[in-house]
Amino acid sequence: MLHRLITFAAPPEAPAGVAGPLAALRLPGLSRWLTGAREIERDEGDEASLSPPHERALARAWGWRGADGGLPFAAHAAAADGIAVAHHAWARLTPAHWAVGAHGIRMLDPATLALSEPEARALFAAVEPLFTSEGVRLAWGAPGRWYAAHEAFSDLPCASVDRAAGDSVDRWLQGPRAPRLIQRLLHEAQMVLHAHPLTAAREAQGLPPVNAVWIDGCGVAQPVQDAAASPRLDDRLRRPAMAQDSEGWARAFAALDAEFAAALDAPSARAAMAVERLTLCGARTALSFERTMTAAPWWARWRRAPDPGPLLESL
């Protein structure tokens with residue numbers, strides 16, 4: 001069974017006086033797909049939860065347990081990056097840029113930093129001694145994915161980077177505080193990154209420097225209960241949604257919708273899978289639907305296809 005999980009499916013807010021992206025967006029493929037589908041799960045939360053709906057949906061699909069902000073995505077990602085996670089508690093460290101403005105400190109979407117591997121490795125090497133001197137093991141995953149292992153991460157709720165990116169840092173640093181050791185290390189890492197030669201070099205090129213790291217995904221690794229049924233994550237809407245780019249989000253969704261239409265019209269796809277599942281995730285809610293991929297009865301051809309717009313707005 002194919003299970004597709006689409007993140008950031010709720011439309012971004014349009015500028016004042018401008019129609020939202022759903023006003024002119026037509027999604028005939030998704031509409032046709034929903035015509036023969038039934039809702040099987042609804043996860044309603046709010047925009048203040050530390051774990052966004054798509055992370056909660058993934059955790060449920062994998063059979064994980066954990067409180068809000070306490071799902072071990074760091075250990076899972078580290079293992080996927082070839083790191084031996086054993087039974088240690090891990091955290092994900094994401095190189096980030098915190099921009100100081102009139103309304104506080106805002107974190108840019110780390111995906112937009114476009115760090116090269118040489119740049120990221122130089123920054124990683126600069127902060128690593130701070131952590132290792134305090135018994136915290138650092139591990140390299142990728143330019144935008146670093147990891148840290150320490151018992152302090154075993155029960156540390158943190159806001160997902162997908163919550164904090166593009167938003168006020170202060171908003172997501174409220175609530176349970178990290179142990180003093182972790183707070184101090186993150187503060188010292190900020191000072192080291194600020195003074196690093198790459199900061200001046202990137203600023204000279206008009207690029208935002210890395211001046212902070214974000215910590216999330218803490219915990220000890222949990223097994224994926226049914227890897228064969230693991231959702232296929234589709235996050236192509238993430239970047240335009242983070243940037244509040246309504247037009248870019250609409251273009252990306254239109255391309256995604258064309259794939260829905262093509263899949264419905266492909267006999268080989270219907271023969272290959274009896275049932276397909278779809279989970280749509282926004283800032284508050286995740287909705288899951290299931291559909292039998294068989295030819296519709298004759299009478300269903302006159303059934304009115306639903307408008308996905310209100311459903312997406314509800315996410």
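Predicted model: local features only at pLDDT ≥ 70, side-chain atom pairs only at ≥ 80, totals over all residues.

Trainee: How does the radius of gyration fit a compact globule?

Mentor: The chain has 21 Å. A compact globule of 315 residues would have a value near 20 Å, so the two agree. Along its principal axes, the C-alpha trace spans about 70 × 50 × 35 Å.

Trainee: Switching to charges. How many positive and negative side chains are there?

Mentor: There are 31 positive and 35 negative ones. The centres of the two sets lie 6 Å apart.

Trainee: Now helix H8. Which of its residues are buried?

Mentor: H8 runs over residues 197–204, and its buried residues are Leu198, Thr199 and Arg202. They cover an arc of only 105° around the axis, so they sit on the same side of H8.

Trainee: Why would residues a few places apart point the same way?

Mentor: An α-helix has 3.6 residues a turn, so residues three or four places apart face the same way.

Trainee: What's exposed on the other side of H8?

Mentor: Pro197 and Ala204.

Trainee: And what do the buried residues of H8 pack against?

Mentor: Two helices: H4 (117–132) and H7 (180–195). After H8 comes Gly206, with a positive phi near 75°.

Trainee: You mentioned H7. What is Leu181 in contact with, leaving aside neighbours within four places in sequence?

Mentor: Leu181, which is found in H7, is in contact with Glu134 and His150. Val136 and Leu181 are 45 residues apart along the chain, and their C-alpha atoms are separated by 9.9 Å.

Trainee: Last one, H2. Is that helix mostly covered or mostly exposed?

Mentor: Mostly covered. H2 spans residues 53–62, and eight of its ten residues are buried.

Trainee: Which ones?

Mentor: Pro53, His54, Glu55, Arg56, Ala57, Leu58, Ala59 and Trp62.

Trainee: What comes just after H2?

Mentor: Gly63, which takes a positive phi of about 80°.

Conventions. Residues numbered from 1 in each chain as written. Heavy atoms only, no water. Rg over C-alpha atoms; globule rule 2.2 N^0.38 Å. Lys, Arg positive; Asp, Glu negative; His and termini not counted. Charge placed at Lys NZ, Arg CZ, Asp CG, Glu CD. Buried < 20%, exposed > 50% of the residue type's maximum accessible area, 1.4 Å probe, protein only. Helix = DSSP H or I, 4+ residues; strand = E, 2+ residues; numbered from the N terminus. Arc of directions from axis to C-beta. Contact = heavy atoms within 4.5 Å.
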